[in-house]
Amino acid sequence: MDFATLIQILDSTLRLATPLLLACLAGLFSERAGIFDIGLEGKMLMAAMASGAVAALTGSVWLGLGAGIAASLLLAALHGVASITFRGNQLISGVALNFLASGITVLVAQRLFGQGGRTPPLDGAARFQHLTLPFADAVRDVPILGPIYADLLSGHTILTYVALLAVPATAWVLYRTRFGLRLRAVGENPAAVDTAGISVVYLRYAAVAITGILCGLAGAYMATALQAGFGREMTAGRGYIALAALIFAKWRPWGALWATLLFGFFQALALRPDVAEGVAGVRIPVSLLDALPYILTVLVLAGFVGKAIPPRAGGEPYVKER
């Protein structure tokens, strides 16, 4: 594999990892606060449909982005009410949201456009355009560094750069702010937080809202940047992949970046089986490339690559002592 092909593979990796990274960070906030959210898939799917539909109707990608975030926040609020206010089973609530999103997205899209549950193709101002970073064209011919900057780092949409910047922002919020300290404490020992006079309910709802915003960005990216419109079940399990990446990252922001890039890399290789065959010297089934990140996640859970210990209060509804 030559250097140019490697840059192409890494460029695809970054594009494919963007929704995974946003969803993984969304799950990180939620689970750090003690709310397990298996409904990341449903929030992304709902956001993709809403953003694609509104962008198609209005011709504005920014209105589409706002609609996607709003739709994801609506599902996040439902999950919060079920899991926090009514202390329901968080896993069942998340699964229910996934089923709800799977059905309602196709129903609404079909009702609006009559194209088999899809939106019309998006173009122009209805899609996020690729951005060229400063001096990208000027340094393109510089050996090694030029292609890395001009062809790998440059040429992505604004949501890709937002996702990358969200990693240090998440690390700063969780480990350098009072809000982050309290959020992590709620996921470990909510009773101690409550004893200190801090609202457990408020912090958990705040985490669920942040999750909704990030999933909204992920879904909008898929419909208005990665692809040109919404298609039924277009998230294709990426919400579950994000959960696997979160476990692989051991619930840490920088680990989430590397884990989602790893998942994205194998997805990019699956799209280029000829490259994978050339590197390994043998024919590698595409299904094996798709499954390899999950195999690595299982190894982490089994303790072969360090221990992945979730927040101690994760998945447990908090009942205030009287």
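In this predicted model, helix α6, which spans residues 145-153, has four named buried residues: Gly146, Pro147, Ala150 and Leu152. These residues cover an arc of only 165° around the axis, which puts them on the same side of α6.

**Helix α6**
- The partners against which the buried residues of α6 pack are α1 (3-32) and α5 (136-139).
- After α6 comes Gly155, which has a positive phi, near 90°.

**Packing of α1 with α12**
- Two packed helices are described by the angle between their axes and the distance between the axes.
- For α1 and helix α12 (residues 253-271), the angle is about 140° and the axes lie 7 Å apart.
- The two helices α1 and α12 are therefore oblique to each other.
- Their crossing, that of α1 and α12, is right-handed.

**Gly187**
- Helix α8 (residues 178-188) contains Gly187.
- With a relative accessible area of 0%, Gly187 is buried, because buried means under 20% relative accessible area.
- Apart from neighbours within four places in sequence, Gly187 is in contact with Arg32, Ala33, Gly34, Pro311, Arg312, Ala313 and Gly314.
- Gly187 and Val54 are 133 residues apart along the chain, and their C-alpha atoms are separated by 36 Å.

Technical notes. Residues are numbered from 1 along each chain as its sequence is written. This is a predicted model: local features need pLDDT of at least 70, side-chain atom pairs count only at pLDDT 80 or more; totals for chains, interfaces and linings use all residues. Side-chain values use heavy atoms; hydrogens and water are left out. Buried means under 20% relative accessible area, exposed over 50%, partly exposed in between (1.4 Å probe, protein chains only). The arc is that of the directions from the helix axis to the C-beta atoms. Contact means heavy atoms within 4.5 Å. Axes are lines fitted to C-alpha atoms, for helices over the stretch in contact, and angles run from 0 to 180 degrees between N-to-C directions. Angles under 35 degrees count as roughly parallel, over 145 as roughly antiparallel, 65 to 115 as roughly perpendicular and the rest as oblique. A crossing is left-handed if the near helix is turned anticlockwise from the far one by less than a right angle, and right-handed if clockwise.
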